[in-house]
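Trainee: I have the model open and would like to go through the labels attached to it. For each one I want the value and the criterion behind it.

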Amino acid sequence: MSLRFHWMLPKGGEVAMQTVQETSRVLTTKSTSKASLPDMEGWLKFSRCAEEVGIESVLMSFSRYEPDTLVIAAALGQATKKLKFIVAYRTGFMQPATFVQQVNTLSGLIDGRVALNIVAGSSTEEQRGYGDFLDHDERYARADEFLEICHAFWRGNNEEVVFDGKYFKVESGHLSTPFMAPDRKAPEIYVSGHSEQAQRLAQRRGDCWLRLIDTPEKLAPLAMRSREQGIELCLRLCVICRPTRAEAIAAARAMLPDEETEKQERKILSSSDSQTLKQALAAADEVGWMNQNLWAGLVPFYGSSSITLIGSPEELAEAFLAYKTVGITQFIISGWPKLEEMNIFGREVIPLVREREARKFAADCRG
Amino acid sequence: MNLRFHWMLPKGGEVSLNGPQTPRDAANYRLASTRAGSPAPRPDIPGWTHFGKHAEDAGIDSLLVSFSRYEPDPILVSAALGQTTSKLGFIAAYRSGLMKPTTFVQQLNTVSAFMPGRLSINIVAGSSTAEQRGYGDYLAHDERYARADEFLAVCHSFWRTNGDVNFDGKYYQVEHGKLHTPFFARERGGPEIYISGHSEQAEQLARSKGTCLLRVADTPEHLHAAVARTRKLGIEVCLRMCVICRPTRQEAIAAAESLLPEDDLGQYERSVAVKNDSQMYREASQVENRWLSPLLWTGFVPHYGPVWTTLLGSFDDIARALIEYKKIGVTQFIMSGWPELDEVVTFGSEVVPRVRRAEARL
C-alpha cells in the first residue's frame, strides 16, 4: 500500500500569516489571537490546495483556545469534495452515545470523510476548565470504556447497547443515524500519546497509533509491535523542503524565535503532565539533530510536534521510504507557512515517493 | 415588535424534490420516521437546503432542529445548513445532561462564528426515562430540571465573562474554565434560549435561565394568565403548533380530516406517549373536546402526540388568530404543516402578509 500523507489544518488566521513566529503557541493561545475564530476563507483556500496536491486528510486539533473540531468539519465539509477530516476530541466531555450521534451525523453530512483522533486528556488545568477532574491514568481507563461503548454502537446490527462500567452506564442504547461512509461502518480511529496507556488504548480500541516522529531505527521495534497487534503507526512531524539541503537548513534556522517567546513557550511545555511533551523536550535539549535529516531544534519554541524532517526533495523522499521499510504507513505533517510548505511537499516530494514506491513494488514482484 | 414565525426542520428525506406530495404522504413519512428502516435519520442536505431557501423567502425567522435518538445531531445539522443558506436562523434543540456545559458552549460558539446572529437553542431537560438511559442518563424528571438549571448557569457564566469560569454545584464542577471562541450574535452575549415543557419546573427554568418559554398552543383564554406572568418577568412566550391554511375553512377542515389515521400508525405514537413521563404528554392525552376553539383543533393529538395541536382555517382566520395571540403577549410561533414545504410557502405568501398588515394597524 502507498504511504498516506495528511496535513495539520492551519489555525484560524494562519493561512494569511507570513512568518512562523506568528504561529507560535505563545501567540495563538492569547485570547486576542485569531486562532480562536473559524477562518472559512483561509481554510477553503488551504483545503482546495490540499485536495489538489494529494493530501488525504487534515487533522483538526482540539483545545480551549480553538473552535470546536466537529463543528468545523461539518461546515468545511460542505465546501470540499475529497478531503477527509481527522477530528481530534477528548473523551471525558460528553456521553459516548452523544459523541457517536455527532460523529455519525457528521459522516452523513460530508459523505463519510471523517476520522477521529482520540485524546484522553491534556493538562490538568485545561481539563478542569471542562469539568474533568480525573488524573492522567484514570483518563485512559475512562477513554477505554468510552471507546468500547462507541464501538458497540458502530457494530450496530440493530442490537441495543448495554454497558455497565466504572465511568459510563448505558441501558438499551439506540441511535437511528448510522455511520455513513462508502467503505466503512465506523470511523478510522487514531489514538495519540506516548505513554504506555496510550499505546494500549490504541491497540485495544484504535486503528492507528499516532505518535511523534523519531529515527527509523528507534521506531522500528515499535512499528513492528504495532503491526503484530494489528494496528498502523502514524507519525506527527514537520517538514522543511527546499531545492538543496543547505537552503532547507537555512530556512529552519530562520524560524528560531526571539528570546521572550522562547521563555514563555518553555513555561507552557514544562507545566504539562503529558509524556509526549516531556520526551520531545528532552530530545530537543539533548540532541538537536536526531540524524542527518531529523532536527528537534524547534521543539522548545513551537511544541513537541515540531520535530522536523529537513532536506532536498530527494532526501525527504528517501527518508519517507526508510520509514515505510520499517513498517510505518501514515504521516501527519506541518510546515511553515503551512500552505506554502504543503504545496512544495505535494508537488516536489509526493511524486518522488510514489515513483520510488512503484519501483520497489516492481522489484518485489520480480522477487 | 412584529410576531416572529419559525418552522420545524423536516425529517431527512421528507422534502420531496421530485414533484408534489400529498399531505397524507408527508404526514405518514413523519409518523414512520422513528421506525427501523426509515431513511429519516439520515442527514438530507439537498432536501433541507431546498426547504430552507423557501422558508427564507416565506419570511420564516428560524428552523427548529429537534433532538432525539431517532435523528441526526442538531448542532452539526445547524452548522452544515448555515453554510447552504444565507439568512435563516436555527434553533438547535439539546438535552442538558448529555455533555459538559463547557463543551456545549464551545460547540455553540463555534457554530455561531460561522453564522453570526443565526443560532438559538431549545433546551430540553430530558425525554422518556428509557431514552435518557440509552444516553447514560439515570436521573428522574425533577432532578433533570435541577441539573438543567446548573447546566445553564455554567453556560451563562461563559457567555457573560468569556473568562475565568468557576462553578461548584451538585451536578457540575468547573475550575478556571476558559474558552477563546466567543459567541457571535447581534447585540447579544449568548444565544436566545427557548425552554420547553409544561411542568412547573420547566416554567421556572425558563424564568431563571431562558429567554423564551416554548409550549404547545392552547386558546388565548387559557394561556392569558400564564403568558402575562411570564412576560412580566421579561421572558417571551413561543407557541408550538401545526397549521393548515387554505382559501376557505371548509378546505382546511377537509385537509385535516384526510390526515386522521387509517391504519395502525397512531397506535405506535400512543404507546410512546404512554411511556413518556413528561407533563406535556399527560395533559394532551386528557383533553376531551377536540375543538379548543373554532380554529384550534386537537383531533390529531391522541394519535400522533401533543405537538400536533393544529390551527386551521382560511388565510384570514389564521391571521386573525395569530393577532389574538399577539394581543395576550405571545411573540413567537414554531409551526409545522403537511407537507412542510407546501404549507410554509402558503403560510408565507398568504398569512404572513395579512399578519403584517394587521400588525401595522394595531
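Trainee: Which residues of strand E7 (residues 193-196) of chain B point one way and which the other way, and are they buried or exposed?

Mentor: Bear in mind that this is a predicted model. Ile193(B) and Ile195(B) face one way from E7(B), while Tyr194(B) and Ser196(B) face the other way, and all of them are buried. In a regular strand, side chains alternate between the two faces of the sheet.

Trainee: What makes E4 (residues 119-124) of chain B and E7(B) a pair?

Mentor: Two strands count as paired when at least two bridges are found between them. E4(B) and E7(B) have three bridges, in the parallel sense, so they qualify. Within E7(B), Tyr194(B) is the residue opposite Asn122(B).

Trainee: How many bridges join E7(B) to strand E8 (residues 212-216) of chain B?

Mentor: Three bridges join E7(B) and E8(B), and the two run parallel. Ile195(B) has Leu213(B) in E8(B) as its bridge partner. From E7(B) to E8(B) the chain passes through helix H7 (residues 200-209) of chain B, in a right-handed β-α-β crossover.

Trainee: Why is Glu203(B) called buried?

Mentor: The cut-off for a buried residue is 20 or more other C-beta atoms within 10 Å. Glu203(B) has 20 C-beta neighbours inside 10 Å, so it counts as buried. Glu203(B) lies in helix H7 of chain B. The buried residues of H7(B) are Gln201(B), Ala202(B), Glu203(B), Leu205(B), Ala206(B) and Lys209(B). These buried residues pack against helix H6 (141-161), E7 and E8 of chain B.

Trainee: Why is Gly54(A) called partly exposed?

Mentor: Gly54(A) has 16 other C-beta atoms within 10 Å, so it is partly exposed. Gly54(A) sits in the loop between helix H2 (40-53) and strand E2 (57-60) of chain A. Leaving out residues up to four places away in sequence, Gly54(A) touches Gly346(A) and Ile350(A). Val299(A) is 245 residues from Gly54(A) along the chain, and their C-alpha atoms are separated by 27 Å.

Trainee: What makes strand E9 (residues 236-246) of chain B mostly covered?

Mentor: Eleven of the eleven residues in E9(B) are buried. Glu236(B), Cys238(B), Arg240(B), Cys242(B), Ile244(B) and Arg246(B) point one way, and Val237(B), Leu239(B), Met241(B), Val243(B) and Cys245(B) the other way.

Trainee: Which strands does E9(B) pair with?

Mentor: E8(B) and E9(B) pair in the parallel sense over five bridges. The bridge partner of Val216(B) in E9(B) is Arg240(B), and the chain gets from E8(B) to E9(B) through helix H8 (residues 220-232) of chain B by a right-handed β-α-β crossover. Five bridges also link E9(B) to the parallel strand E12 (residues 332-336) of chain B, where Ile334(B) stands opposite Arg240(B). Strand E11 (residues 310-314) of chain B is joined to E9(B) by five bridges too, again in parallel, and Leu311(B) is the partner of Val243(B) there.

Trainee: How do you know that chain A is as compact as a globular protein of that length?

Mentor: For 367 residues the globule rule gives 21 Å, and the radius of gyration of chain A is 20 Å; the values are close, so the description holds. Chain A has 14 helices and twelve strands, and 51% of its residues are buried.

Trainee: Why does the radius of gyration of chain B agree with a compact globule?

Mentor: A compact globule of 362 residues would be near 21 Å, and chain B has 20 Å, which agrees. Chain B has 14 helices and twelve strands, with 52% of its residues buried.

Trainee: How many residues does each chain give to the contact?

Mentor: Chain A gives 44 residues and chain B gives 45. On the side of chain A, the largest share, eight residues, comes from H4(A). By class that side has 21 nonpolar, 17 polar and six charged residues.

Conventions: Residues numbered from 1 in each chain as written. Chains lettered and ligands numbered in written order. Predicted model: local features only at pLDDT ≥ 70, side-chain atom pairs only at ≥ 80, totals over all residues. Buried ≥ 20, exposed ≤ 12 C-beta atoms within 10 Å, placed from the backbone. Helix = DSSP H or I, 4+ residues; strand = E, 2+ residues; numbered from the N terminus. Right-handed = clockwise from strand over helix to strand, strands pointing away. Rg over C-alpha atoms; globule rule 2.2 N^0.38 Å. Contact = placed C-beta atoms within 7 Å. Nonpolar A, V, L, I, M, F, W, Y, C, P; charged D, E, K, R; others polar.
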